Amino acid sequence: MELLATKIHKDENVRSIYIQDLKTRDLSSDDTTAIGQVSGYAVVFGKPSEDMGFTEYISPDAFNGVDMNSVIALYDHNLDNILGRVDSGSLELKVDQNGVLFTLNMPNTTLGRDVYENIKNGNLKGCSFGFTIADDDWEFDNNDNVIHTVNQIDQLVEISITALPAYTQTSVSVSRGLKQFNDDQQYRLKAGFWLDLLEKE
């Protein structure tokens, strides 16, 4: 099965997390058209990603200075399935010590009602975020696993409620960064081999 996601930005990366405590709250107030609220963490700091050929961590400082006023909330990364946006007031994002917490006022639309009911019933438990990277690092840990640390987010493009929390998509720029890191390591190994030979002569 091939999994695809709509990218808004050509260098957009998508990371997904399983949310155990995705919360819902029914709204009965007459001053809102929303049917309820959904809240949870779209981004979690300092936690290892699933294995993508590397393990990724998001720095707790990665969102410093990031403008999140145009972030949109989607269902399954599909631009035709918009659920809310920051600049309309239907999506609120807050960065705290754990990550990026979102509160989404679910729209009273067919999509909004379906997504809301599926979250309440436990059928939808994933949240993804689409982003671009301003600064990152690559290194090996003590077990020779490749570690990718995102030090600074350039742009948070979207968050998405998804049925497939294990899904990730890596941009071309991150893939190139991993290839360059691996190429550099191979070069160092080869250089070290030749230096060892020269020293033995």
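The legends below describe close-up views of a predicted model of one protein chain. Local features need pLDDT of at least 70 and side-chain atom pairs count only at pLDDT 80 or more, while totals for chains, interfaces and linings use all residues. Residues are numbered from 1 along each chain as its sequence is written, and side-chain values use heavy atoms, with hydrogens and water left out.

**View 1. Overall chain.** The protein chain has 10 strands and two helices; these are DSSP runs numbered from the N terminus, with at least four residues (H or I) for a helix and at least two (E) for a strand. The order from the N terminus is β-β-β-β-β-β-β-β-α-β-β-α. Of the 201 residues, 40% count as buried (buried: under 20% relative accessible area; exposed: over 50%; partly exposed: in between; 1.4 Å probe, protein chains only). Contacts are heavy atoms within 4.5 Å; among those between residues at least 6 apart in sequence, 69% join residues at least 24 apart.

View 2. Strand S9 (residues 126-140) pairs with strand S10 (residues 146-162) in the antiparallel sense over 14 bridges; strands count as paired if DSSP finds at least two bridges between them. Gly126 stands opposite Thr162 in S10. Five residues lie between the two strands of this hairpin, where Asp144 takes a positive phi near 65°.

**View 3. Aromatic pairs.** Rings of Phe, Tyr and Trp (its six-membered ring) pair if their centres lie within 6.5 Å; planes under 30 degrees apart count as stacked, over 60 as edge-to-face and the rest as tilted. The count by this rule is three aromatic pairs. Phe54 and Trp138 form an edge-to-face pair, because their ring centres are 5.1 Å apart and their planes lie at 75°. Phe54 belongs to the loop between strand S3 (36-44) and strand S4 (55-58) and Trp138 to strand S9, so this pair ties together parts that are 84 residues apart in sequence. Phe54 and Trp138 are both buried. Phe129 and Phe131 make a stacked pair, with 4.9 Å from centre to centre and 25° between the planes. Phe129 and Phe131 are buried as well.

**View 4. Largest nonpolar core.** A nonpolar core is a set of buried Ala, Val, Leu, Ile, Met, Phe, Trp, Tyr and Cys residues joined through side-chain atoms within 4.5 Å. The largest one has 32 residues, and Phe63, Leu91, Leu93 and Phe102 have the most contacts inside it. Elements giving two or more residues to this core include strand S7 (91-95), strand S8 (99-106) and helix H1 (110-120). S10 gives the most, with five residues.

**View 5. Strands around S8.** S3 and S8 run antiparallel and are joined by eight bridges, with Gly40 opposite Phe102 in S8. S7 and S8 also run antiparallel, joined by five bridges, and a hairpin connects S7 to S8 through three residues. Leu91 stands opposite Leu104 in S8. Among the residues that Leu91 touches are Val71, Ile72, Val86, Phe102 and Ile159.

**View 6. Salt bridges.** A salt bridge is a side-chain nitrogen of Lys or Arg within 4 Å of a carboxyl oxygen of Asp or Glu; the count by this rule is two. Arg85 forms one with Asp87, their closest N and O atoms being 2.7 Å apart. Arg85 is partly exposed, at 32% relative accessible area. Glu117 and Lys120 form a salt bridge at 3.7 Å, N to O. Both lie in helix H1, three residues apart, about one turn of the helix. Glu117 is partly exposed at 38% relative accessibility, and Lys120 is partly exposed at 38%.

Technical notes. Lists of a residue's contacts leave out its neighbours within four places in sequence.
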